[in-house]
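These are my notebook entries on a single structure.

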Amino acid sequence: MAFTRATGKHRRPGRAARTTRNIAGIAAATGVVVSIASPALAANEDPAATDTGLTRAIADTGDRVADNIVAQADAQEEAAEVAAARAQVEEAAVKSAEAAKKKAQEAQRKAAAEAAEKKAAAKKKATEKRASRSDARTTLSASGFVSPIAGSYVSTPYKASSGLWSSGSHSGIDFHAASGTAVHAVGAGTVVEAGWGGAYGNNIVLKMDDGSYTQYGHLSSIGVSVGQKVSANQQIGLSGSTGNSTGPHLHFEARTGPDYGSDIDPVAYLRSHGVSV
């Protein structure tokens, strides 16, 4: 019984034909020219089928190569765009950091300048206040006496007990006064001592015109000299904390004589001369 092929059907290419096509495809993809001249292979192949298959293989391989090239180009372009974007972000970050640093430095400079201005203003105000205190004057009493510190008050009373004093008690009174406050002669008199007085520090002793004596101790500055005549309310020095002192103030004593131990109650003394203490 005879067998016939269906119309339009062809036999599957033999092994040799497939091998030839594969070699041709590889040659097309790699750019290597391969010459196939085997008569046996050529005799067994249908020329039309062989040409069609080889052309299709070459076309398919070319398409794949082209697609690969396009894909590679796209990937490279995308990578370049990513790198450029990253560079822009990094550049922006650097600029932002530099701007923030510059802003912080400017704020620090401004704060330092403001602090310096405030300090200078406070110093100026303190100086003006001190000058105002130095210029302050207390109205003379009817007997021509004043308080040694204008507008102050007694911070430590007479005969207060403490180990701070060698005698065990306070031989005068302390007037509250910041260092540098003007000290005035309580009345008219003559300077009999002006200089270092041991525990009294810088001190001044006046012999008053009525024969009594007054002492001004712990001064930061002395403005008179021995033998000088002074008037009531005349500035004779500045308060301080020299000698045996725990802080700025004026130590004031009233005495019957020029030496230590002849003290009398300073408050009673001033009040007897019309000064309110």
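I counted as a salt bridge a side-chain nitrogen of Lys or Arg within 4 Å of a carboxyl oxygen of Asp or Glu. The model is predicted. Searching the whole structure, I found five salt bridges. I kept in mind that side chains of opposite charge can pair when their charged atoms come close.

Entry: a pair within a helix. I looked up Lys 95 and found a salt bridge to Glu 91, with 3.4 Å between the closest N and O atoms. Both residues belong to helix H3 and are four residues apart, about one turn of the helix. I noted Lys 95 as exposed because its relative accessible area is 51%, where exposed means over 50%.

Entry: I found the side chains of Asp 263 and Lys 159 joined in a salt bridge at 3.6 Å, N to O. Asp 263 lies in strand S10 (residues 263-264) and Lys 159 in the loop between strands S1 and S2, so the pair ties together parts that are 104 residues apart in sequence. I recorded Asp 263 as buried, with a relative accessible area of 16%, and Lys 159 as partly exposed, with 44%.

Entry: Lys 229. I found a salt bridge between the side chains of Lys 229 and Asp 209 (3.5 Å, N to O). Lys 229 is in strand S7 and Asp 209 in the loop between S5 and S6, so this pair ties together parts that are 20 residues apart in sequence. I listed Lys 229 as exposed at 52% relative accessible area, and Asp 209 as exposed at 55%. Lys 229 also stands opposite Thr 190. Strands S4 and S7 run antiparallel and are joined by two bridges.

Entry: strands S4 and S5. I found S4 (residues 189-196) and S5 (residues 202-208) paired in the antiparallel sense over seven bridges. Val 191 stands opposite Leu 206 in S5. Five residues lie between the strands of this hairpin, and Gly 198 takes a positive phi near 70°.

Entry: a surface patch. I found Asp 74, Glu 77, Glu 78 and Glu 81 gathered in a patch of negative charge on the surface. Asp 74 lies in helix H3 (residues 47-135) and is partly exposed at 43% relative accessibility.

Entry: Gly 247. I placed Gly 247 in the loop between strands S8 and S9.

Definitions and conventions: Residues numbered from 1 in each chain as written. Predicted model: local features only at pLDDT ≥ 70, side-chain atom pairs only at ≥ 80, totals over all residues. Heavy atoms only, no water. Patch = residues over 30% accessible without salt bridge, like charges linked within 9 Å, V, L, I, M, F, W, Y side chains within 5 Å. Areas by Shrake-Rupley, 256 points an atom, 1.4 Å probe, with all protein chains shown as cover. Lys, Arg positive; Asp, Glu negative; His and termini not counted. Charge placed at Lys NZ, Arg CZ, Asp CG, Glu CD. Buried < 20%, exposed > 50% of the residue type's maximum accessible area, 1.4 Å probe, protein only. Pairing = 2+ DSSP bridges.
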